[in-house]
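This report describes selected features of one protein chain.

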Amino acid sequence: MKKMLWIALLAVSLSVVLCSCGTENVPVSSQAESSQESVVEENTEMNIDAILEKVPFVGSAIVVKNDKTVYSKAFGKADNEHDNEINTVFRIASDTKQFTAAAVMLLDEQGKLSVKDTLDKYFPTYSHGKEITLHQLLCMRSGLMDYTDLMAYDIPDENGNYQYALTDDDAEENEARILKMAFEQELVFTPGSQYKYCNTNYFLLAKIIEQVSGMTYEEFLTKNIFEPLEMKATGFYDSYAVEGMVVAQPMREMSLSRFFLPPSASLGTGDMLSNAVDLQKWVKVFEGGSILSDDIIKAMTTNYSGEDDAIAYGYGWMIADDGIYHGGTLLPYNSAIYILPDEKTSVILLSNDSHSDMTGVAKQIKNEVTK
């Protein structure tokens, strides 16, 4: 009888040990929280999938919430031989402008220029040079005509020649032609009086960066932004040669190829290539404590537009109530970056086959992860 009782007690003890194995020091509440968090993350992923499927999205996407990557996927083809991957490189079009603005602000901080400078300091022969400041270039309030509009609406003569055509092989000649094109036009409004998105502004800023730094625009950004952040896949359309990287090709005809494929055609305005991995390093800069000072970040993310302007614009960023964002369109390339710096949350979308509004898609995803 005693022997049977001893065996029964031993069985109960073993049962307790076996049932508690793997849960020692793990509170039941922690297990429940972990399980709930897993379900929330799975739902978030499914909901982002659904948003991108509606586009339908071709490219790569990274979404970070509270400093944790909650989504990282790629879709479709990069070219006829390669699928898009998360490190595939894309043209980011006008998302280039935030980098141009940052370069100007670095030079401002170094005392090599001032955003209060007027254009005549850098282009003394321009007839309206004394009327326009670098600040107005940065926040799209210069009154200059957009040179890309001039090219887009250029009408060929009887011989099929375009007045504003660029050369296929001479960057310096193209830059001279763009400057001539821009400075020949009358202002479309009084500088500072209103907002109008204008690529000419950022082309001029790129040329000013070169004047005051003694470096090419590409060299200055590479040395002062890409290298410190270890953005090793990032470069420029005219010279991109990063070994081992797959560069996404347009998966349908580029509708504006005649304007933006020649050398320097989009200098400072839309000539960068990058991938989602590198751009994630960039967006973290705006959380503070990196290569840009708090003063520069504040200047870039301040809304300089008036109440009547349709868009709130800073320096290279559009300003929202909860953060900053910008898009880039060079069809069929399409990009969008949306950052909520205070929440350490961001959305990056890069596509090589889209006619959709990527900033609108990025906002939908942002709303999904912050609801």
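## Basis and terms

Two strands are taken to pair if DSSP finds at least two bridges between them. Strands (E, at least two residues) and helices (H or I, at least four) are DSSP runs, numbered from the N terminus.

The model is predicted: local features need pLDDT of at least 70 and side-chain atom pairs count only at pLDDT 80 or more, while totals for chains, interfaces and linings use all residues. Residues are numbered from 1 along each chain as its sequence is written, and side-chain values use heavy atoms, with hydrogens and water left out.

## The sheet

An open sheet is formed by 6 strands in the order β2-β1-β9-β8-β7-β6, with antiparallel pairing. Because β2 (68-75) and β6 (318-319) stand at the edges with a single partner strand each, one side of each has no neighbour in the sheet. The partner of β6 is β7 (residues 324-330), paired in the antiparallel sense over 2 bridges; here M318 stands opposite Y325.

Helix α10 (residues 276-283) lies across β1 (59-65), β8 (333-340) and β9 (345-351). Relative to β9, α10 runs at about 145 degrees (axes are lines fitted to C-alpha atoms, for helices over the stretch in contact; angles run from 0 to 180 degrees between N-to-C directions).

## The nonpolar core

A nonpolar core is a set of buried Ala, Val, Leu, Ile, Met, Phe, Trp, Tyr and Cys residues joined through side-chain atoms within 4.5 Å. Buried means under 20% relative accessible area, exposed over 50%, and partly exposed in between (1.4 Å probe, protein chains only). The largest such core has 106 residues, and F99, L221 and W282 are among those with the most contacts inside it. Beyond four places in sequence, the contacts of F99 (heavy atoms within 4.5 Å) include L221, M272 and W282.

The structure holds 16 salt bridges, each a side-chain nitrogen of Lys or Arg within 4 Å of a carboxyl oxygen of Asp or Glu. R141 and D309 form one, with their closest N and O atoms 2.8 Å apart. This pair links distant parts of the chain, 168 residues apart. R141 is buried at 10% relative accessibility, and D309 is buried at 18%.

K196, in the loop between α6 (171-184) and α7 (199-213), lies 6.2 Å from R141, C-alpha to C-alpha, although 55 residues separate them in sequence. At 31% relative accessibility, K196 is partly exposed. Residues touched by K196 include D149 and F189.
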